[in-house]
Amino acid sequence: MRGWFLRVIAGGLLLGVLVVGGTAFRVWQVARFDDRVPTDAVVVLGAAQYDGDPSSIFASRLRHAESLYRSGLAPRIVTAGGGRAGDAYTEAEAGRRFLIDRGVPARDVIAVGEGSDTLESLKAVAARANQDGWHSALLVSDPWHSLRARTMARDAGLSAWTSPTRSGPVVQTRETQARYIVRETAALLYYRLTHASVDSSGPGLG
């Protein structure tokens with residue numbers, strides 16, 4: 001009995017290592033790819049904003065989304081993300097203002113200012129897509145966030161691909177990259193187990 005018990009424990013530990021390691025590898029793998037496929041919309045996932053001014057992380061995502069839009073990959077940009085109590089602007093509104101100030105036509109920028117984390121924001125975007133009659137999205141976020149965001153978007157009913165930004169604080173150092181890979185691995189495993197988002201105080205990565 002003792003030998004059988006030890007084998008069960010060892011097998012469980014091995015399975016856990018394989019699941020965690022495989023998920024971490026997929027987070028790293030998807031982060032390296034830029035799909036750049038034609039879609040109905042480029043969707044920018046929100047991050048911190050300060051009185052209407054996007055943070056450096058958010059601004060990097062917005063500039064990348066603008067580049068995809070100007071390349072003709074989608075006819076519209078959707079900015080996503082809600083706000084905190086007392087904020088004058090939602091993340092989505094701040095992102096829309098930023099893009100319009102850079103010359104993107106206002107008619108082509110849609111702000112979906114709902115959701116306090118990635119999952120809620122993507123559900124709100126999917127609802128807006130259903131309302132407006134479009135179905136596919138090219139998601140813009142940081143590389144390590146791409147797999148979880150894509151998984152959530154597809155679960156919400158969108159045909160989703162990813163085009164991660166390659167600039168900004170999140171991708172500057174190996175230490176930062178390793179920390180975000182670990183964080184996103186845990187967050188994705190949590191989502192797959194619970195279909196809920198990790199409550200996060202970080203920059204738009206909840």
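Two residues are in contact here when heavy atoms of each lie within 4.5 Å. By that criterion, among contacts in the protein chain between residues at least 6 apart in sequence, 69% join residues at least 24 apart. The model on screen is predicted.

**Whole chain**

Of the 206 residues, 47% count as buried. Switch to a surface: the chain exposes about 10,400 Å², and carbon and sulfur atoms supply 54% of that area.

**Strands β1, β4 and β5**

Select β4 (77-80) together with β1 (41-44) and β5 (109-112).

Now show the side chains of β4. In a regular strand the side chains alternate between the two faces of the sheet. Ile 77 and Thr 79 point one way, Val 78 and Ala 80 point the other way, and all are buried.

**The largest nonpolar core**

Next select Val 43, Val 78, Leu 122, Val 125, Trp 134, Leu 139 and Leu 158. In the largest nonpolar core, which has 22 residues, these touch the most other members. The elements that give two or more residues to this core are β1, β4, β5, α4, β6 (136-140) and α5. Of these, α4 gives the most, with six residues.

A second, separate core has 19 residues, including Val 44, Leu 62, Val 109 and Leu 138.

Return to Val 125 and display what surrounds it. Not counting residues up to four places away in sequence, Val 125 touches Val 43, Val 78, Ala 80, Val 112, Trp 134 and Leu 158.

**Ser 121 in helix α4**

Move to Ser 121, which sits in helix α4 (residues 118-132). Is Ser 121 buried or exposed? Its relative accessible area is 6%, so Ser 121 is buried, the limit for that label being under 20%.

Leaving aside neighbours within four places in sequence, Ser 121 is in contact with Ala 80, Gly 81, Gly 82, Glu 114 and Gly 115. Draw a distance from the side chain of Ser 121 to the backbone oxygen of Glu 114: the value is 3.4 Å. Then pick Gly 46, 75 residues away along the chain; its C-alpha atom is separated from that of Ser 121 by 8.5 Å.

**Helix α5**

Select residues 146-155. Helix α5 is mostly covered, with eight of its 10 residues buried. The buried residues include Arg 148 and Arg 150, along with Leu 147 and Met 152. After α5 comes Gly 157, with a positive phi near 110°.

**An aromatic pair in helix α1**

End at helix α1 (residues 2-31) and select Phe 25 and Trp 28, which are three residues apart, about one turn of the helix. A search of the whole structure finds one aromatic pair. Its rings belong to Phe 25 and Trp 28; their centres are 5.7 Å apart and their planes at 35°, so the pair is tilted. Phe 25 counts as partly exposed at 44% relative accessibility, and Trp 28 is partly exposed at 36%.

Terms used
Residues are numbered from 1 along each chain as its sequence is written. This is a predicted model: local features need pLDDT of at least 70, side-chain atom pairs count only at pLDDT 80 or more; totals for chains, interfaces and linings use all residues. Side-chain values use heavy atoms; hydrogens and water are left out. Helices (H or I, at least four residues) and strands (E, at least two) are DSSP runs, numbered from the N terminus. Buried means under 20% relative accessible area, exposed over 50%, partly exposed in between (1.4 Å probe, protein chains only). A polar contact is a pair of N or O atoms within 3.5 Å; within protein, one must be able to donate a hydrogen and the other to accept it, and residues adjacent in sequence count only if both atoms are side-chain atoms. A nonpolar core is a set of buried Ala, Val, Leu, Ile, Met, Phe, Trp, Tyr and Cys residues joined through side-chain atoms within 4.5 Å. Accessible areas come from the Shrake-Rupley method with a 1.4 Å probe; for residues, only the protein chains shown count as cover. Rings of Phe, Tyr and Trp (its six-membered ring) pair if their centres lie within 6.5 Å; planes under 30 degrees apart count as stacked, over 60 as edge-to-face and the rest as tilted.
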